[in-house]
Amino acid sequence: MSEFDVPLFHFSRGEFVEADYQDPLLEDYRNNPLLEALPPIWDDKTVVNELASEPIFNASERDLPVHLRLHCVQRISRDFFRPLSRHLELQQSISRLIRDGYVGRNPLTLNYAFRARKDAYELIMQGNTSGYPVNTPTSAGFALVGISGIGKSSSLLRILQMYPQVILHRKYRGQDMPAPFQIVWLKMDCPHDGSIRGLCLNFLLAVDSLVGTKYYKKNVTKNPDELLPLMAQAAAVHCLGVLVIDEIQNLQEAKDDRAAQMLNFFVQLVNTIGLPVILVGTYKALPALNGEFRNARRNSGQGDATWHHFKKDEEWNWLLQGLWKYQWTDKKVELDQEFIDVMYEESQGISDIAIKLFMLTQWRALDKELESVTPGLIRSVAKDRLTLIRPALEALRSGKKAQIQKFADIYDSVSIDDYLDRIEAEQRQAERLEVIRTELGYDVTEQTINEVSAWLIEAGVTQAIASQAAEEVTKLHLHELDEIDLHN
């Protein structure tokens with residue numbers, strides 16, 4: 001028995017779901033078990049509700065002892081996620097990418113199993129991929145590049161987790177499947193030294209953990225030239241839907257021509273077995289992403305994604321509105337323009353820094369027995385606790401390219417060719433934000449003011465008086481509104 005023949009009883013470690021074949025509603029996705037076993041293609045409303053995550057919160061917890069409230073604040077880092085337009089766009093790209101990659105890889109087509117085991121291995125060993133008999137995928141993959149701390153990795157993982165990672169196929173329309181396991185997605189980090197051998201062994205170990213194989217144990221002593229085709233073969237046999245390589249900027253540390261060799265291998269994965277590849281990294285990764293893999297992505301039609309730091313706009317306000325609900329200090333303070341300004345000034349629109357700064361400020365307030373969070377306290381905490389990243393933030397704040405260039409992880413070297421894409425993206429952002437607000441609801445304060453004002457106007461009160469009265473009454477009872485909002 002070959003190491004690539006995987007009987008069901010070998011499966012003992014990973015979690016899987018049984019294949020439930022559904023009509024994918026699109027003709028080119030029908031009659032392919034790999035596609036029919038996937039979840040339905042979601043609309044934006046469904047994605048918003050699936051991605052959104054709110055920490056546990058009860059206003060009565062503000063009466064708990066300080067040592068317990070310190071733990072409550074930690075929930076923000078663990079459980080707070082508010083979907084934004086960029087997340088919806090990323091989910092759509094991944095959805096199309098996985099499905100398009102499977103179109104040319106139907107395990108029920110003639111000789112698929114033989115090709116998966118033999119051809120992928122031999123063609124990569126020979127370095128000749130021109131004659132491989134799979135449909136050329138239109139989705140080669142894409143790169144997701146952005147400033148460190150903007151949420152690339154965590155957002156990507158959250159989206160991937162909407163899909164089952166492993167699907168078990170037994171029979172499809174009465175037909176035995178050539179391989180029982182379909183690995184829908186696999187996400188791994190590029191080794192810190194850019195080592196090809198390290199990447200391959202990590203991949204084989206990950207596959208072993210998912211489907212109970214023994215690739216790692218059998219091949220741990222082999223060299224990179226032997227491991228690369230084995231990695232491709234394992235990906236083909238187990239019908240891998242998309243391979244995500246994070247921290248791709250580590251290729252900058254690779255010796256000799258290893259970076260080019262690894263990127264060329266990703267291109268071969270696309271060309272030989274039609275496997276889409278997503279590369280994720282900071283701006284430091286941009287030089288490594290040029291060349292052949294860039295050309296493959298350019299032809300894919302998906303388009304690379306570049307995540308800049310947030311602008312001080314509606315989406316930034318929307319993010320802070322969600323964050324501001326979670327205050328465990330003695331007194332909750334309302335989010336006003338001064339808070340919006342100081343949070344942006346001290347985080348420069350980097351979401352991870354903003355969230356951590358909000359948590360650190362609450363911890364400081366609780367520790368010092370301060371009644372509430374204040375703009376001055378936020379500035380003080382930022383000055384004391386963000387020391388290591390302050391030079392980078394100062395560079396962003398200056399807006400001067402010469403200063404920003406000193407910090408590769410925040411340097412935006414996107415070419416002028418991306419300008420029109422950004423304009424279109426900003427137009428789509430407004431539309432998506434409306435969908436998100438509709439599904440998750442506006443901030444309870446804003447929503448209630450509008451509703452109360454409308455009631456008063458219907459009762460015959462003038463608009464000016466109605467608006468002022470609604471705002472005063474709502475703010476007067478803000479504490480009760482927050483409790484209603486967070487318990488519904």
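Me: Two strands pair if DSSP finds at least two bridges between them. What makes S7-S8-S9-S2-S10 the order of an open sheet?

Reply: This is a predicted model, where local features need pLDDT of at least 70, side-chain atom pairs count only at 80 or more, and totals for chains, interfaces and linings use all residues. Residues are numbered from 1 along each chain, and side-chain values use heavy atoms, without hydrogens and water. Strands here are DSSP runs of E with at least two residues, helices are runs of H or I with at least four, and both are numbered from the N terminus. The five strands pair in the order S7-S8-S9-S2-S10, in parallel fashion. Strand S7 (185–189) and strand S10 (305–307) each have a single partner strand, so one side of each has no neighbour in the sheet. Neighbouring strands are turned by 15 degrees against each other on average, direction ignored.

Me: How do you know that S8 and S9 are paired?

Reply: Three bridges join strand S8 (242–246) to strand S9 (277–281). The rule asks for at least two, so they count as a pair. Leu243 stands opposite Val277 in S9.

Me: What makes H10 lie across S8 and S9 at a given angle?

Reply: Contact means heavy atoms within 4.5 Å. Angles run from 0 to 180 degrees between N-to-C directions, with axes fitted to C-alpha atoms, for helices over the stretch in contact. By that scheme, helix H10 (258–273) runs at about 150 degrees to S9.

Me: Why does the second largest pocket lie between domain 1 and domain 2?

Reply: Domain bounds come from an automatic or database assignment. Domain 1 (16–63 + 80–307) and domain 2 (314–424) both give residues to the lining, so the second largest pocket lies between them.
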